[in-house]
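Let's take a walk through a protein model together. Have a look at the sequence and the 3D picture first, then read on.

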Amino acid sequence: MSNKKENRFFSWFKKKIDNKSVNILKDLKIEKKKNHHFLETKNQNDLIIKNKKKSDQSILKLFKTCLIKTKIKFKEGIKSIFFGEKDTFYFEELEEQLLLADVGIKTTNKIIDEIKKKVNFFGRSKNEYLYSLLKENMLNILREVEKPININVKKLFVMLLVGVNGVGKTTTVGKLAYFYKSIGKSVNIVAGDTFRAAGIEQLQVIGKKYSIPVISEKIGTDPASIAFNAIHLAKKNKIDILIIDTAGRLHNKIPLMEELKKIKRVIKKIENIIFNQTILVLDASIGQNSMKQVESFNKYLGLNSIILTKLDGTSKGGIIFNLASTFKIPVQYIGIGEKITDLSYFKSQEFVKEIF
């Protein structure tokens, strides 16, 4: 073979080897990337599962520690009727104790009537049996409103939180955002309370601390305009969940309630989003006064769910039975403390188990 042909042959051979090497390296890089993506996805899924298990396991623990005052109210009053020193049981005493536990007149009468029907039918009147009937009846009331939010991440999921001043609404917005982020969702918060600079600052502090973007504008900006702009921005950035805070307002102030209706109207006109959660944040410690709030906000806005806050510091947790029986509006979460993690799914069985 001549030197010229030899050189051409080695040049061709070297080029072929180099191309093969490049392809091998490319394949290795692609495989590495796939493996990295797989591990990243697996780690994220493991984190979501771990956080969900941790959340589920902590619910009972939180209920035990944070429903103490309500539990004492039920135990000292209602339970003592059935298992106290007296052998005789009186429905009048049960009625009185249920009313003292903030269960409400209509709901109390409904519960007692149901027990009487079953007692008459079975012809039994033992206190232990009556007590089990009471628990079963009250659990059935709460089961009707235990409906977890179903979040479809294929479209932007929008949540609008409303309520009167001082119920812990802005704090709850932060807790919700943190919760959804912890289970792997991308979340944005909208500071829609444009009347209160402190409210915007509070959300910005939460957002900065937990790396959750907060969309806000200057004080006095139209809240409906902020909601509109925030939704389009969130859609552009392919965010999973958008949580909108609103200014606290008295439920009997018509102009302020009309403003909320405007925000809702604007949101409903936007396409390719899921907006089925207008959520009322309620302070459990105000007891029967919360009934009027639910009635008014539901009348103006058509509520989809309720978050009951401050259950850790009140003996009036029995109000949840009256709310559930009267309005049938799902109770999605309960606030049971001041920490960012002190927000729990509402679990009817665990709730009844603890207070009894």
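## A walk through the model

Setting aside the neighbours within four places in sequence, Ile 112 is in contact with Phe 91, Leu 94, Glu 95 and Leu 98, where contact means heavy atoms within 4.5 Å. Ile 112 sits in helix H4 (residues 105-122). Helices (H or I, at least four residues) and strands (E, at least two) are DSSP runs, numbered from the N terminus. Is Ile 112 buried or exposed? At 5% relative accessibility, Ile 112 counts as buried. Buried means under 20% relative accessible area, exposed means over 50%, and partly exposed is in between (1.4 Å probe, protein chains only).

Some ground rules before we go on: this is a predicted model, so local features need pLDDT of at least 70 and side-chain atom pairs count only at pLDDT 80 or more, while totals for chains, interfaces and linings use all residues. Residues are numbered from 1 along each chain as its sequence is written, and side-chain values use heavy atoms, with hydrogens and water left out.

The protein chain has a mean pLDDT of 81, with 78% of its residues at 70 or more. Over residues 34-54, though, pLDDT stays under 50, and the model has five contacts beyond four places in sequence for that stretch.

Now the overall picture. The protein chain has twelve helices and eight strands, and buried residues make up 45% of its 356 residues. Of the contacts with a separation of 6 or more, 77% are between residues 24 or more positions apart.

Inside, the largest nonpolar core has 99 residues. Such a core is a set of buried Ala, Val, Leu, Ile, Met, Phe, Trp, Tyr and Cys residues joined through side-chain atoms within 4.5 Å. Those with the most contacts inside this core are Leu 94, Met 159, Tyr 180, Ile 243, Ile 267 and Phe 321. Helix H5 (residues 127-143) brings the largest share of this core, nine residues.

Here are two pairs of residues with their C-alpha separations.

| Pair | Apart in sequence | C-alpha to C-alpha |
|---|---|---|
| Ile 112 and Leu 133 | 21 residues | 9.8 Å |
| Phe 351 and Leu 142 | 209 residues | 8.9 Å |

Phe 351 belongs to helix H12 (residues 348-355) and is buried, with a relative accessible area of 0%.

Next, a pair of helices. How do H8 and H9 lie relative to each other? The axes of helix H8 (residues 223-236) and helix H9 (residues 254-269) come within 9 Å and cross at roughly 25 degrees, so the two are roughly parallel to each other. (Angles under 35 degrees count as roughly parallel, over 145 as roughly antiparallel, 65 to 115 as roughly perpendicular and the rest as oblique.) Where the helices meet, Pro 223, Ala 224, Ala 227, Phe 228 and Ile 231 are the H8 residues, and Glu 259, Lys 262, Ile 263, Val 266 and Ile 267 are the H9 residues.

Finally, two lysines in loops. Lys 238 has a positive phi of about 55 degrees although it is not a glycine. Lys 238 lies in the loop between H8 and strand E4 (241-246) and is exposed, with a relative accessible area of 71%. Lys 310 has a positive phi too, near 60 degrees. Its loop runs between strand E6 (305-309) and helix H11 (319-327), and Lys 310 counts as partly exposed at 33% relative accessibility.

Notes:
pLDDT = per-residue confidence, 0-100. Axes fitted to C-alpha atoms, helices over the stretch in contact; angles between N-to-C directions.
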